[in-house]
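Here is a short briefing on a two-chain model. Look it over, then work through the points below.

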Amino acid sequence: MATETLHAIDAHVHLHDEHEHHELGFVQKYIFSEDHKTIAKQYLISGIIWAFFGGAMSIIFRLQLGFPNMDLTWLKPVLGQWIVEGKLEKEFYLALVTMHGTIMVFFVLTAGLSGTFSNFLIPLQVGARDMASGFINMLSYWFFFVASVVMFASLFIETGPASGGWVIYPPLSALPQAMPGSGLGMTLWLSSMALFIISQLMGGINYICTIINLRTRGMSFTKLPLTIWAFFFTAILGLLSFPVLLSAALLLIFDRSFGTSFYLSEIYIGGEALPNIGGSAILYQHLFWFLGHPEVYIVLLPALGITSEIIATNSRKPIFGYRAMIGSLMGITLLAFIVWAHHMFVTGMNPFLGSVFMFLTLIIAVPSAVKAFNYITTLWRGNIIFTPAMLFSIGLVSLFISGGLTGIILGNSALDINLHDTYFVVAHFHLVMGAASFFGLMAGVYHWFPKMFGRMMNKTAGYIHFWFTFVGVYCVFFPMHYIGLAGFPRRYYSFTALGNGRMEAFVDMNMFISIAAIITFTAQAIFAINFVYSIFKGKRAPQNPWSSNTLEWTTPIVPEHGNWVGEIPAVYRWPYDYSKPGSASDFIPQNVPYSATPESNFPEENEEMAKEKEIEGLLDIQNSSYNH
Amino acid sequence: MSAIHAPAVPEKLTWSGGSEPMKASYGKLMMWFFLLSDTFTFSALLVTYGMIRFSNNAYSGAHEAFFFSTTHWPIPDKVFSALPFLHGLEAPLIFVGIMTFILIFSSVTMVLAVEAGHRGDRADVEKWMLWTILGGATFLGSQAWEWSHFIHGPELAFAAKDVAGNAIDGANLVRNPYGPPAFADLFFFITGFHGTHVFSGVILNILIFFNAATGVYERRGHYEMVEKVGLYWHFVDLVWVFVFTFFYLV
């Protein structure tokens, strides 16, 4: 009888699917889609577009920094009144660095990275037909879209977008009279971020609940691919830290628009005292960094998860230390919440408190080192296949290590007095979180492009893109360490006035950085062209192009809404059975039972065979969960 | 078909996939995680309250001799000591106590509605939802009175004085006759933020009541939606307990 119901359900699912295909119009299928794959692509394409805007902004301010005397009149058609007598307006320079940071951190590396891959991979890799709530998932994207529109609109207003740095510290951001960017631009920034946070919460709740509730039969937590573990912790980080930014932003909105004094106290502008008393600007910094620090890991963890998957697949070796990897992700997640004040060592904080935060900060080196060690040991004596995705993953490991090392220096509350707010910090976080996460994003795109669009990206263009980017990123950010050590503060418009011989020496270095940045940015066009071209004209993808073990490669080459035709496969083993001794094939997908591979089973795995019946017995329950 | 009628999963397979662990539907789970995240929103606000409050001077004299001044933080039971229609009566924290009681009581009626839902008793669900809505609306009404009383301010003779020595007439986000302006800022912001939550809760409760009354849940076969909104409602109550503690008791 059970089988009968099963067939009935199957038929039902199938009919339902076909029924839906007829009904879905263009709008429901491509715009207000509830299909996680479409939403993922929407996030990806939005993220890529934002990345080009964010990148272009950095090129403009790099021109100013590298070539302070350059005539920028040719930019007038684009920038209009922001170019005054051939020079970049000083206020606009500040707007550029602010918007570059905001766009890259939130819109590209948060929404574009975890929005894309959490959405795309969670249902496919845990074996679910879609997210827990497709509707909320769709809302999540469209809230992000509206946030994007508001932020984008702020670029075009007369007083310019927000300019107080991406951290928007009050009182600079709280007082419209402080600078042009603190007027309407800041209001739009805050509105956009409020929408963005709502979008993140809806997305995050969905990711968490899908992972907990919709794993296919047999997919216990210890059989989840590391990508999913990373997305899980990322979502938890976002869920618990973004609401604090929401509170901080709401309080700031009240200070700006309704006369309260949460962050303001005893301020004189133009010799005149403002009425605000009793607030604390430091309070904002605490609230902001309670999000701001976890945000670093929100950006980085998905990239690390993607890297784990790609490195194991393309080394044709099991990931080294699967449980240690989960443990380190968990450790990073916990520590992320208790280190925020290391961004505030120089705010006049009690030095004892500083040493506590220093201690906690330095502990992060432990899980980070575990990760780096495990990546390298996975690569060690592997049968490495250098796909573009693999190159970007290895690039990530390289950037993660070289950027991470300076983190140990910056985490020291005494050294930070000297290095705080210098280019040393800029170099550090661009390597360890900016570029590393960007590399994770690129690795993910190259690796899962065949699943997303059913076609392959051009490999040669991928290699060229990688080498330009990899060498370029080091050329841009490595010299910044020296500039920072020499004491150059970040966000300064120009250093020419500093004038003495030693400082002037760095003009060459700034010039070098700018040229490298321009080349690196231009090289991204190779990616853009490859991406767009391959969507339409790329080589057709085979079923499992990277001979990978995870469940997404068991779906049809271009999965329809619902992902699997017929039953969702059951899972019997972990996702890293690569090059298993005794096995004829060098990979054994997760849905292959141990009873089918007696030649390669370890003794303890033979015991697992007994559980196969139990796992299969869950089919009814699993099917019923899709029918209410 | 519902989660409630799904076949049982052997306990050792709870986390083995293919089923909802511990029979928690994704909808309930989503509500729990949302509440967890909202906890952090409120925590941030209460931390803000704590930090600003303790950076202000506390009143150090005798309780009976307390007076409103912008130089020390007011004692709550001197601020909130009025009752509607009983002008001049000194009733410290009585009104807010009644409000709190009403809100907590509405949580009890919500529990009864959820319980009625488990039994599939439509009439009882309707009855208890109606009581819950009434409780929520009464709380909101009381808060409106509390706010308007606060905004109106104490009699000028007792009000705190501004820098120029004039009595401060009435409270808003900029001035506060009871003490430092931050007190009023935080009072309006935090109770307002909580009130917004209660307001959305009442709207949700009305929707639930409407759906129950029109038989939507009966046709669906289960009243899980009542439970989900119930979770939210209890959370809003719980948050009030903290807001109450911070603003009125500490």
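Ser148(B) sits in helix α4 (residues 122-152) of chain B. Helices (H or I, at least four residues) and strands (E, at least two) are DSSP runs, numbered from the N terminus. Ser148(B) counts as exposed because it has 9 C-beta neighbours inside 10 Å. The C-alpha atoms of Ser148(B) and Met99(B) are separated by 15 Å, and the two residues are 49 apart along the chain.

This is a predicted model: local features need pLDDT of at least 70, side-chain atom pairs count only at pLDDT 80 or more, and totals for chains, interfaces and linings use all residues. Residues are numbered from 1 along each chain as its sequence is written, while chains are lettered from A and ligands numbered from 1 in the order in which they are written.

**Chain B**

- Chain B has seven helices and zero strands.
- The radius of gyration of chain B is 22 Å, well over the 18 Å that the globule rule gives for 250 residues, so chain B is more spread out than a compact globule.
- That radius is taken over C-alpha atoms, and the globule rule is 2.2 Å times the number of residues to the power 0.38.
- The C-alpha trace of chain B spans about 75 × 40 × 25 Å along its principal axes.
- Of its 250 residues, 40% count as buried.

**Chain A**

- Chain A holds 20 helices and four strands.
- Its radius of gyration is 25 Å, close to the 25 Å from the globule rule for 628 residues, so chain A is as compact as a globular protein of that length.
- The C-alpha atoms of chain A fill a box of roughly 85 × 55 × 50 Å, taken along the principal axes.
- Of the 628 residues of chain A, 52% count as buried.
- Two residues are in contact if their C-beta atoms, placed from the backbone, lie within 7 Å.
- Among contacts in chain A with a separation of 6 or more, 80% join residues 24 or more positions apart.

**Domains of chain A**

- Chain A is divided into domain 1 (32-537) and domain 2 (551-625); these bounds come from an automatic or database domain assignment.
- The C-alpha centres of the two domains lie 36 Å apart.
- In chain A, 23 residues of domain 1 are in contact with 26 residues of domain 2.
- On the domain 1 side, α5(A) gives the most, with four residues.

**The largest nonpolar core**

- A nonpolar core is a set of buried Ala, Val, Leu, Ile, Met, Phe, Trp, Tyr and Cys residues joined through C-beta atoms within 7 Å.
- The largest one has 234 residues, of which Ile208(A), Ala248(A), Ala436(A) and Phe439(A) touch the most other members.
- Helix α5 (residues 90-126) of chain A supplies the largest share of this core, 22 residues.
- Domain 1 and domain 2 of chain A both give residues to this core, so the core lies between them.

**Where the chains meet**

- 47 residues of chain A are in contact with 38 residues of chain B.
- α8(A) gives the most to the chain A side, with nine residues.
- Leaving aside neighbours within four places in sequence, Ala248(A) is in contact with Tyr284(A), Leu287(A), Phe288(A) and Ala44(B).

Notes:
A residue is buried if 20 or more other C-beta atoms lie within 10 Å of its own, exposed if 12 or fewer, and partly exposed in between; C-beta atoms are placed from the backbone.
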